[in-house]
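Hello,

Here is the structure I promised to pass on to you. Please open it first, and then read my notes below.

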Amino acid sequence: MTKFLLLLLSVMITVQLIAQDPVARFKGPRPQINLAAVPEAAIEKGRISIKFKRSVESVLRAVPGKGADGFIRFNISAVDALNIQYKVSVSARSFETVLTNKENSVKHKQWGFDLWYQLEVPQDIDIKKMVAAYEKLSNYIEIAEPLYKIERYKNVTDYKKSPTPVSGNSVNFTPNDTRYNEQWNYNNTGQAGGTAGKDIKLPQAWDIETGKPGTIVAVIDGGAQFDHPDIAANMWPTNGFNFVTNSTVIDPDDHGTHTSGTVAAVSNNNIGVSGVAGGNGTPGSGVKLMTLGVFGSAGGAASNFGAPFIWAADRGAMVAQNSWGYTSPNVYDQTVLDGIDYFVANGGGAVLKGGIVIFAAGNSNSEANFYPGYYDKVLAVAATNNKDVRSYYSNFGSYVDISAPGGEQTFADDPKGVLSTIAGGLYENFQGTSMACPHVSGVAALIVAKAGIKLSNDDVKAILLTTTDNHYPDNIALYAGKLGTGRLNAFKAIQKAEEIANAPTVDAVTGYSATISCPNTSLVWTKNGVGNDVMIAYSTDGIFGLPSGAYNTGDVIPNGGAIIYKGNGTSFSHPVPKDSATVTYKIWSVNATNNYSAGLIKTVKTPFSIRTFSGTSAGANILLTWTKSCPNSDVIVASNN
């Protein structure tokens with residue numbers, strides 16, 4: 001009898017149903033990591049992370065204790081046996097620093113943060129084998145993973161510090177900061193051999209908006225020198241948190257102070273440098289800097305880089321600025337991506353619907369996929385020099401969203417770098433995608449300061465990416481399409497934000513939901529208080545442009561989104577696309593003069609999978625039968641005989 005080769009079936013699109021995970025709709029794609037192929041140099045020694053299943057929650061409510069042998073016990077015999085085998089001597093909840101915030105405990109539990117633990121073992125333990133062993137306990141453990149090495153994207157060279165400048169008026173237009181004329185990245189007049197005009201057009205943007213203190217930017221980096229004379233007035237009231245020592249004692253660090261200064265050094269205060277969103281000179285008029293230390297100034301790092309995102313979102317931050325990433329491509333920690341997803345879903349505070357996460361692309365001169373910049377929930381920033389050319393060290397690739405000035409230096413404190421604040425009340429020129437990234441974070445903060453609650457996080461991203469300058473003619477063909485939509489232009493971005501801010505206020509819909517009911521997605525909403533019409537667009541890549549003017553069903557919004565509905569109803573049914581694992585729907589209220597509300601988005605995972613599959617002998621043939629989870633899904637069957 002013919003041998004059944006039914007291990008052959010390959011379904012091209014397999015997706016978990018959202019009902020199995022209440023926050024799945026907030027999560028981006030996470031391709032499986034082939035741990036066997038990951039180089040040992042990419043993996044932290046002596047630690048792994050595990051996430052228990054909710055079904056064993058009652059056991060985990062008690063802090064795990066130690067047996068007489070000194071090894072950790074969770075009161076789950078199979079897990080405890082592995083703890084003994086691998087000599088697990090320390091265990092702590094991965095998100096302990098945020099779980100103490102009882103105000104958000106229900107939300108934290110919904111996201112499963114209470115189920116994550118880090119296990120510490122001797123340095124000689126084979127981490128790959130250990131992870132594989134815990135993964136096999138699938139009745140108890142949902143995820144087991146290594147901790148992958150993380151680094152900040154610091155300078156290529158070790159530079160010397162320059163002294164704090166003396167006060168004095170600048171000859172430039174505005175602001176009056178004494179070293180503003182050295183900040184070619186804001187206003188390039190040809191300083192340090194650069195090309196005039198190759199800058200982010202910040203002085204023009206400042207004529208419209210300089211920042212507002214209700215806008216909070218979380219700088220996840222080394223700690224900023226919160227009492228630096230050129231930063232102190234723009235610090236968040238309690239400064240932030242140190243995730244290296246798990247305390248409120250901030251450890252001032254050059255790198256973290258530099259990136260913070262680019263975002264919001266106090267502008268127009270007659271000393272030092274200007275920040276992108278540093279205010280107009282009135283004390284405290286700039287955006288607020290929340291410093292979240294994940295690197296120590298003398299070494300050491302946070303045990304969980306996902307926790308700061310949750311901490312910041314819970315306290316009203318709207319931008320998460322990140323100039324760090326993994327040392328090797330194609331690896332990520334689920335805890336970090338969970339934190340990012342939480343910030344995107346829950347950040348924004350009182351000024352924005354959802355948070356924005358911005359990452360440096362990395363300094364490896366590589367097209368490889370370096371997370372978290374590669375993750376589709378974040379904006380990835382490449383670096384350019386003072387001639388608008390890709391900086392020699394900058395990563396590039398189709399995942400890069402935007403470019404910004406990062407500088408390009410050949411000697412210590414080279415003015416071709418980016419000048420900003422550093423620890424000790426000093427200033428220095430640095431280079432790196434670390435320096436490019438906070439330019440984008442600062443302009444995002446200016447956009448929100450100008451247009452505020454009229455925008456969603458998705459709208460702010462669309463403004464940033466659709467108002468760039470085309471710098472591709474200045475770059476070689478190799479980088480075509482791999483440096484984002486162009487180089488950041490603050491003026492065009494703030495002009496767009498001003499246009500939205502000055503338009504009549506249109507309230508968004510409420511009660512917006514998207515539910516798969518095969519073969520369609522059912523979209524339901526409640527119209528705003530004045531009953532404005534609504535418009536809905538969909539996208540399989542989650543990218544939308546900003547609507548402007550009138551649209552009809554079937555039209556495409558420039559820069560992303562196909563219109564599928566426009567009218568005065570409160571529900572719509574849309575056929576589920578078969579060519580994507582996810583589909584995103586964005587809805588706007590629109591008034592009679594074609595002014596739009598902030599757009600709200602919902603992402604659903606397409607349920608194309610096989611529920612049952614069987615094969616029976618039919619003479620010389622095999623009769624294969626199956627049932628599908630969605631009637632309009634296609635099936636591919638393969639054989640390995």
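Strand 9 and strand 10 (residues 288-295) run parallel and are joined by four bridges; two strands pair if DSSP finds at least two bridges between them.

A word on the source: this is a predicted model, in which local features need pLDDT of at least 70 and side-chain atom pairs count only at pLDDT 80 or more, while totals for chains, interfaces and linings use all residues. Residues are numbered from 1 along each chain as its sequence is written, and side-chain values use heavy atoms, with hydrogens and water left out.

Seven strands make up an open sheet with parallel pairing, in the order 9-10-8-11-13-14-15. Strand 9 (235-242) and strand 15 (402-405) are its edge strands, each pairing on one side only. On average, neighbouring strands of this sheet are turned by 25° against each other, direction ignored. Helix 9 (residues 334-346) packs on the sheet and touches strand 11 (319-322) and strand 13 (356-360), where contact means heavy atoms within 4.5 Å. The direction of helix 9 makes about 140° with that of strand 13; axes are lines fitted to C-alpha atoms, for helices over the stretch in contact, and angles run from 0 to 180 degrees between N-to-C directions.

Next, is helix 10 largely enclosed by the rest of the structure, or open to the outside? Helix 10 is largely enclosed, because 18 of its 19 residues are buried. Buried means under 20% relative accessible area, exposed over 50%, and partly exposed in between (1.4 Å probe, protein chains only). Just after helix 10, Gly452 takes a positive phi of about 50°.

Finally, the charged side chains. A search of the whole structure finds 24 salt bridges, each a side-chain nitrogen of Lys or Arg within 4 Å of a carboxyl oxygen of Asp or Glu. One of them links Glu209 with Lys212, with the closest N and O atoms 2.7 Å apart. Glu209 is buried, at 5% relative accessible area, whereas Lys212 is partly exposed, at 37%. There is also a network of salt bridges that links Asp199, Lys201, Asp388, Asp469, Arg487 and Lys492.

Enjoy exploring!

Best wishes

Conventions: Helix = DSSP H or I, 4+ residues; strand = E, 2+ residues; numbered from the N terminus.
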